[in-house]
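Please read the points below alongside the sequence and the model.

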Amino acid sequence: MKRHVFDTEQVPAPDRFGLWLDMLADTPGLVRVRTEHADDFVARAEFIELGPVRLVRHRYPSLDAVRTRKLIQRSDADFYLLALTLAGNSSADQEGRRSIIRPGDFTFYDCARPHEVSHHGDDHGRERASSIVAFIPYDAVPLPHHRLSALFAARMSGTEGIGALLADYLIQLAGHPEQYHAADAERLAGVGLDLVSMLLGRHLVSEDAVPTEVRRRALLSQVRSHIHQHLGDSTLNPQSIADAHHISVRSLHRLFEAEETTVAAYIRDQRLERCRRDLTDPALRDRPIQVIAGRWGFRDKAHFSRAFRTAHEETPQAYRVRHLEQARIVNTPASLVNSRRTY
C-alpha cells in the first residue's frame with residue numbers, strides 16, 4: 001500500500017507553518033491551530049487510505065487545536081476521530097469532558113461537534129509530539145451514535161487488552177504500509193474497524209450494542225495475536241489459549257470453525273511458516289535446523305521433520321539448501337557470473 005508523505009522541511013523555515021495550515025485545510029476535521037513554533041514548524045504527516053478509513057501519522061512541535069462550529073460547517077463532519085498518542089502529553093475536551101492523555105492512550109471525538117486538543121512534546125524540544133489518527137465514517141462503526149457520546153474526549157488505554165491489540169495494529173500498519181498489497185486495504189480496514197468497535201464497546205456500560213459477528217472477529221484477532229506471541233512456547237495449546245482469554249475450549253474451537261481450520265492446525269501452520277522463513281534466511285545458514293525448530297515450539301525433531309515434509313514435500317534440510325542456493329545465485333554480481341563462464 002502507498003503512503004503519501006507531507007513534510008514541511010521541504011520549504012524554508014519561515015514558510016513551514018503556513019504550509020502545514022494549507023495541508024490541514026484540505027483534510028477532514030479542519031481545526032484552528034496555535035503554536036509557539038510558528039517561526040520554524042518542522043512537522044510531518046503520513047497518509048494511508050485504508051478502505052473507508054484514513055490513517056494519518058503525525059509528528060509535530062507542541063500545538064493547540066480547536067474545532068469550532070464555523071469550521072464544522074466548512075468541512076466534512078460525519079465521521080469519528082480516534083487518536084493514539086505515541087509521544088508527548090495531550091489533553092482532550094469535548095461535550096464538557098476533559099481528559100489527560102499520555103503516550104499509549106487513545107482518545108475519541110465526534111467531528112460534528114466542537115472539540116479542543118492540546119498536544120505537547122517535552123519542554124526542551126528534544127522530542128516532538130507524535131500520534132496516529134484514524135478518521136472513521138459514522139456508518140463504519142456498528143454502534144448506536146447516541147451511545148458513543150459517553151466516550152467523547154475520554155481516555156482509553158492502548159497498553160492492555162483490545163486497546164493494546166488495536167495500538168499494535170495501527171503502529172504496524174502506519175509504520176510499514178509497504179508490507180501490504182493495495183488489494184488488502186478493505187480487509188485490513190475490516191480488521192481495524194472490528195477492533196475499534198470492540199474497544200469502544202468495552203468502554204460503554206454494556207457490550208450488548210456490539211454486534212455478535214463483530215465481537216467474534218475481534219476475539220479471533222486477539223486469539224491470533226496471542227498465538228503469534230507464544231509460538232515458541234511448546235506448551236501452547238487450545239486449553240492454555242482458552243484460559244488466557246477466559247473462554248471455554250469449546251468456544252475457542254467454534255471461533256475457528258468459520259475459518260475452515262482448527263486451533264491446532266493454525267498453531268502448526270504458523271510455526272511452520274516461521275521455521276520456513278528462518279531456514280531461507282542467509283544470516284541463519286549456520287544455525288542448526290533443530291535449534292530453529294525448537295525456537296518455534298517444535299521440541300521433537302522427528303515430529304518437526306514429518307510436519308515440514310507434509311507441508312512442503314521435502315525435508316527441512318533439502319528445502320534450506322535449495323532456497324539458499326537460489327538466493328546465492330540471485331545475489332551474485334552479473335560480472336562475477338560472466339567471469340566464471342569465461343574461464
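This is a predicted model: local features need pLDDT of at least 70, side-chain atom pairs count only at pLDDT 80 or more; totals for chains, interfaces and linings use all residues.

**Notes on the model**

1. E186 is exposed, at a relative accessible area of 55% (buried means under 20% relative accessible area, exposed over 50%, partly exposed in between, with a 1.4 Å probe and protein chains only). The residue belongs to helix α5; helices (H or I, at least four residues) and strands (E, at least two) are DSSP runs, numbered from the N terminus. Setting aside residues up to four places away in sequence, E186 touches G51 and P52, where contact means heavy atoms within 4.5 Å.

2. Residues are numbered from 1 along each chain as its sequence is written, and side-chain values use heavy atoms, with hydrogens and water left out.

3. The domain assignment gives domain 1 (2-210) and domain 2 (216-328); such bounds come from an automatic or database assignment. Seven residues from domain 1 and five residues from domain 2 take part in the contact. The C-alpha centres of the two domains are 35 Å apart.

4. Domain 1 and domain 2 bury about 540 Å² between them, with 58% of it on carbon and sulfur atoms. Buried area here is the accessible area (1.4 Å probe) that two parts lose on being put together, summed over both. On the side of domain 1 that touches domain 2, α4 (161-175) and α5 (185-203) are the elements that give two or more residues. The largest share of that side, four residues, is from α5. By type, the residues of this side are five nonpolar, one polar and one charged (Ala, Val, Leu, Ile, Met, Phe, Trp, Tyr, Cys and Pro count as nonpolar, Asp, Glu, Lys and Arg as charged, and the others, Gly among them, as polar).

5. How many salt bridges are there between domain 1 and domain 2? The count is zero, a salt bridge being a side-chain nitrogen of Lys or Arg within 4 Å of a carboxyl oxygen of Asp or Glu.

6. Is D278 buried or exposed? D278 is buried, with a relative accessible area of 8%, and lies in helix α9 (residues 263-279). Beyond its neighbours within four places in sequence, D278 contacts L284, I292, R295 and W296.
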